[in-house]
Amino acid sequence: MNGRQSGRPTLEQVAARAGVGRGTVSRVINGSPRVSERARTAVARAVAELGYVPNQAARALAGSRTDAIALVIPEAEARLFAEPYFLDLIRGVSAELAASDKQLLLTLVRTEQERQRFEQYLAAQRVDGVLLASVHGDDPLPERIGELGLPVVMNGRRTEAEPVPYVDSDNIGAGRAAVAHLVGRGRSRIATVTGPLDMYVARARLGGYRAGLTEAGLAPDEELVSAGDFTEEGGRRAMRLLLDRRPDLDAVFAASDVMAAGARGALREAGRRVPEDVALVGVDDSPVARLMDPPLTSVRQPIEEMGRTMARMLIREITEGEDRSERDDRSEGRGRTQGEGLRRRVLPTELVVRESS
């Protein structure tokens, strides 16, 4: 008996036999230098014992780059094409990659099945790296990509202590600037419509809102906080709830322009004038802000530049990856490491004042 099994052995069976992660097996099979000699030997032994035959497409790519970058957005098509944020981000990424002759692959991952299918695609070494946008706090995809030996850069982060490289904007500063502006306009009962609070960006903007109130000497009031979901309808529902709770509110900070548009609709339904009765501020400074009636005061974040910066950071990771092979061996199975100054970028935001406040 030589330990071989009936049927075609899987990558997972090789990993279990070798006592390593699936990503390590993928790196060994594809000739990556980012594997310790001990792991390489264990995988080779398991392959021989099980009679594992690697996928031919993956083997054909071994030792060469694909010149392809995946941009992954874990959202439905409706939100992708309805929100200017994603279109601006894609524009920035695409422009930067075009200058470097990299191909951009846009992928939507909306279900667990799609996530697993995408991981299988990555395991076949069909892209050189991954850009992730709109990542929620419990999303395991960033770590899974790292386990597969691929560099990854996120748009935003999941926590304050995010271990994966990211490019973000100053979301706390956005909330503080919005509240400071509203207080300066004589408003004192300032509400907020947040994004989904399982996302760091929403929590950070809420934190900035609360910090702005404290700095202005105003006591935070949880009745003035209503959760949205970064959609127009979510902003509308949250605004209706705020009006039911606190009909005396005189200002609203919405955590995105799209939600501010929904809030504006709910205020109009309730007979509230903007800005005479209720001042309104959003975030993004998107075309939505400029086209609203009245035009929306908004905190501008450099979305296209975030996309460009993400792409540059990822290209640098890909280019310099071979030089970091020894370091990656020490953190095998947990993704790449890099200097703190290279892995975290927070770009500034700027308040753009218009007629809504």
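Analyst: One term is needed before the rest: a residue is called buried under 20% relative accessible area, exposed over 50%, and partly exposed in between. Note also that this is a predicted model.

User: Okay. With those words, is D229 buried, exposed or partly exposed?

Analyst: D229 has 30% relative accessibility, so D229 counts as partly exposed.

User: Which residue does the side chain of D229 meet in a salt bridge?

Analyst: The partner is R237, and the N to O distance is 3.5 Å. R237 has 45% relative accessibility, so R237 counts as partly exposed.

User: How many salt bridges are there in the whole structure?

Analyst: A search of the whole structure gives 34. One of them joins D248 to R189, with the closest N and O atoms 3.8 Å apart. That pair links distant parts of the chain, 59 residues apart: D248 is in the loop between α11 and β8, and R189 is in the loop between α9 and β6.

User: Are those two buried or exposed, or in between?

Analyst: D248 is partly exposed at 35% relative accessibility, and R189 is partly exposed at 32%.

User: What about R236 and E233, where do they lie?

Analyst: Both are in helix α11, 3 residues apart, which is about one turn of the helix. R236 counts as buried at 17% relative accessibility, whereas E233 counts as partly exposed at 39%.

User: Which residues are linked in a network of salt bridges?

Analyst: E112, R115, E119, R144 and E147 are linked in that way.

User: Let's change topic. How many helices and strands does the protein chain have?

Analyst: The protein chain has 16 helices and 12 strands. It has 357 residues, and 55% of them count as buried. Its accessible surface is about 15400 Å², with 50% of that belonging to carbon and sulfur atoms.

User: And the contacts, what share joins residues at least 24 apart?

Analyst: Taking contacts between residues at least 6 apart in sequence, 71% join residues at least 24 apart.

User: Now the inside. Which residues touch the most other members of the largest nonpolar core?

Analyst: That core has 42 residues, and the ones touching the most other members are Y209, M239, L249, V252 and L280. The elements giving two or more residues to this core are α9 (171-184), β6 (190-194), α10 (200-215), α11 (232-245), β8 (251-254), α12 (257-269) and β9 (279-284). The largest share, 6 residues, comes from α12.

User: What does Y209 touch, leaving out residues up to four places away in sequence?

Analyst: Y209 touches G175, R176, V179, I190, A191, T192, L224, V225 and F253. There is also a second, separate core of 24 residues, which includes I69, L131, A133 and I315.

User: How many aromatic pairs are there?

Analyst: The structure holds 1. Y85 and F86 form that pair, an edge-to-face one with 5.7 Å centre to centre and 85° between the planes.

User: Are Y85 and F86 buried or exposed?

Analyst: Y85 is buried, with a relative accessible area of 15%. F86 is buried too, at 1%. Both are among the buried residues of α6, which also include P84, D88 and L97.

User: Why does the length of α6 agree with what a helix should span?

Analyst: Helix α6 covers residues 84-99, and at 1.5 Å a residue its 16 residues should span 22 Å; the end C-alpha atoms are 23 Å apart, so the two agree. Just after α6, D101 has a positive phi of about 60°.

User: Which phi do S134 and D285 take?

Analyst: S134 has a positive phi of about 55° and is not a glycine. S134 sits in the loop between β3 (129-133) and α8 (141-147), and counts as buried at 9% relative accessibility. D285 also has a positive phi of about 55° and is not a glycine. D285 lies in the loop between β9 and α13, and is buried at 8% relative accessibility.

User: Last one. Where are cis peptide bonds found?

Analyst: One joins V274 and P275, with omega about 10°, and P275 is in the loop between α12 and β9. Another joins D293 and P294, with omega about 0°. P294 is in the loop between α13 (287-291) and β10 (297-300).

Methods. Residues are numbered from 1 along each chain as its sequence is written. This is a predicted model: local features need pLDDT of at least 70, side-chain atom pairs count only at pLDDT 80 or more; totals for chains, interfaces and linings use all residues. Side-chain values use heavy atoms; hydrogens and water are left out. Rings of Phe, Tyr and Trp (its six-membered ring) pair if their centres lie within 6.5 Å; planes under 30 degrees apart count as stacked, over 60 as edge-to-face and the rest as tilted. Buried means under 20% relative accessible area, exposed over 50%, partly exposed in between (1.4 Å probe, protein chains only). A nonpolar core is a set of buried Ala, Val, Leu, Ile, Met, Phe, Trp, Tyr and Cys residues joined through side-chain atoms within 4.5 Å. Helices (H or I, at least four residues) and strands (E, at least two) are DSSP runs, numbered from the N terminus. Contact means heavy atoms within 4.5 Å. A salt bridge is a side-chain nitrogen of Lys or Arg within 4 Å of a carboxyl oxygen of Asp or Glu. The expected span of a helix is 1.5 Å times one less than its number of residues. Accessible areas come from the Shrake-Rupley method with a 1.4 Å probe; for residues, only the protein chains shown count as cover.
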